[in-house]
Amino acid sequence: MAFSVQQHYGPDAFIGLEPLHKDLCGAWKFEGKIWPYYPEDTANDPTTQLDTTGTAEISLTADGRYFHLNWSGESSNDRWAGGCIIGYAAGLADANGKRTMNESFYNSYGSFGSSKASYKNGDNRLEMAGEVECYDRNSKEKYRHILNIKGKNRFEMEVHLTAHGGKESKVRHLIFSRV
């Protein structure tokens, strides 16, 4: 018998993202607020927030199983960039129709993180929780990454970080509009 990837890895070996995620593909612009990454220092202090603007591109990869979000922005004349890849983990949907989604992200600050979420087809909110390696503190810290899909032409992204002090703070709130 010839080797078959689908038989070897199971019935979801080639499952693609649902139309909701595929509809996010294309060019985007964003605006919003960012805060320093150290909640114990800033505690969402409005005086530390920076306005930010930028652009993003979303494309599918791995035969539609994942989408890749690549962005760059500017705040107070400082450039920053990053990206994330989000898609279905291996494994079938549970009894409630939910699947596990994985995320990996990186940015120009040198941070790298990964997270997981439970997701059901048709949900327009994806809340992922995981850990980020903080480059300048030589530590791993908890974070949440939230995508709120508002339709084919708009979505919002929030990032929350919990540093050593144990207090969670919002460090990003970006609003994306289709170009």
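**Entry 1: a network of charges**

I started with the salt bridges, and found R125, E127, R144 and E168 linked in a network of them. I'm working from a predicted model here, not an experimental one.

I took R144 and E127 to begin with. They form a salt bridge, and their closest N and O atoms sit 2.5 Å apart. Where are the two residues? R144 is in strand β8 (residues 139–151) and E127 is in strand β7 (residues 125–134), so this pair ties together parts 17 residues apart in sequence.

Next I checked R144 against E168. Their side chains also meet in a salt bridge, at 2.8 Å from N to O. E168 belongs to strand β10 (residues 168–178) while R144 is in β8, so here the parts tied together are 24 residues apart in sequence.

A reminder to myself: side chains of opposite charge can pair when their charged atoms come close.

I then went to R65 and D12, which form a salt bridge with 3.6 Å between the closest N and O atoms. R65 lies in the loop between β2 (50–61) and β3 (66–75), and D12 lies in the loop between α1 (5–9) and α2 (19–22), so the pair ties together parts 53 residues apart in sequence. Both R65 and D12 are buried.

How many salt bridges does the structure hold? I got eight. For the charges overall, I noted 21 positive and 23 negative side chains in the chain, with the centres of the two sets 5 Å apart.

**Entry 2: the whole chain**

I stepped back to the fold. The chain has three helices and 10 strands. Going along the sequence, I read the pattern as α-α-β-α-β-β-β-β-β-β-β-β-β.

What is the radius of gyration? The chain has 17 Å; a compact globule of 179 residues would be near 16 Å, which agrees. I also looked up the box that the C-alpha atoms fill, and along the principal axes it is roughly 65 × 35 × 30 Å.

Of the 179 residues, 41% count as buried. The accessible surface comes to about 9,500 Å², and 50% of that belongs to carbon and sulfur atoms.

Terms used. Residues are numbered from 1 along each chain as its sequence is written. This is a predicted model: local features need pLDDT of at least 70, side-chain atom pairs count only at pLDDT 80 or more; totals for chains, interfaces and linings use all residues. Side-chain values use heavy atoms; hydrogens and water are left out. Helices (H or I, at least four residues) and strands (E, at least two) are DSSP runs, numbered from the N terminus. The radius of gyration is taken over C-alpha atoms; the globule rule is 2.2 Å times the number of residues to the power 0.38. Buried means under 20% relative accessible area, exposed over 50%, partly exposed in between (1.4 Å probe, protein chains only). Accessible areas come from the Shrake-Rupley method with a 1.4 Å probe; for residues, only the protein chains shown count as cover. Lys and Arg count as positive and Asp and Glu as negative; His and the chain ends are not counted. The place of a charge is taken as NZ of Lys, CZ of Arg, CG of Asp or CD of Glu. A salt bridge is a side-chain nitrogen of Lys or Arg within 4 Å of a carboxyl oxygen of Asp or Glu.
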